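This report describes one protein chain.

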Amino acid sequence: MFDINGGELIVLFVVAALVIGPQRLPAYAEQLAVLVRRGREWISQARTRLDEETGDLGVDWEALDPRKYDPRRIVRDALLDEPSAARRAAASAVVGIPPAASAPLVGPAPYDDEAT
């Protein structure tokens, strides 16, 4: 998040301990612990309130994780997926084409020589 590695974090703690001093360091550490506890409680309450307000929608939050989103896989699956007869019929019903007309054409595409 802050792009700080372990070594830099240790250096920051040592500098903070030197600047704050050994007398005030325990008080500041306790204040930090209280702040972290309050933040965790606030996040927990927000999650609980969100769950109560939205109810049980049956949403799989793990499946919607943006870290699992891979556009290459989605496009590949969409291109390689052969549409079933049921999906073609459902799509033709939405568009308004009769199911028989939505069957794939076998011959060449129609050609109108008088078209512009």
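In this predicted model, buried residues (under 20% relative accessible area with a 1.4 Å probe, protein chains only) make up 3% of the 116 residues in the chain.

Residues are numbered from 1 along each chain as its sequence is written. Local features need pLDDT of at least 70, side-chain atom pairs count only at pLDDT 80 or more, totals for chains, interfaces and linings use all residues, and side-chain values use heavy atoms, without hydrogens and water.

The chain has 4 helices and 0 strands; helices (H or I, at least four residues) and strands (E, at least two) are DSSP runs, numbered from the N terminus. H2 has 30 residues and spans 43 Å from first to last C-alpha, close to the expected 44 Å, which is 1.5 Å times one less than its number of residues. Just after H2, Gly 55 has a positive phi of about 75°.

The mean pLDDT (the predictor's confidence in each residue, from 0 to 100) is 78 for the chain, and 71% of its residues reach 70 or more.

| Confidence in the chain | Helix | Mean pLDDT |
|---|---|---|
| Highest | H2 | 90 |
| Lowest | H4 (residues 85–95) | 63 |

The lining of the largest pocket includes Leu 12, Phe 13, Tyr 28 and Leu 32. A pocket is an open set of points on a 1 Å grid where a 1.4 Å probe fits, with protein on both sides within 12 Å along at least five of seven lines, and lining residues have an atom within 4 Å of a point. H1 gives the most to this lining, with 5 residues.

Note on methods:
Buried means under 20% relative accessible area, exposed over 50%, partly exposed in between (1.4 Å probe, protein chains only).
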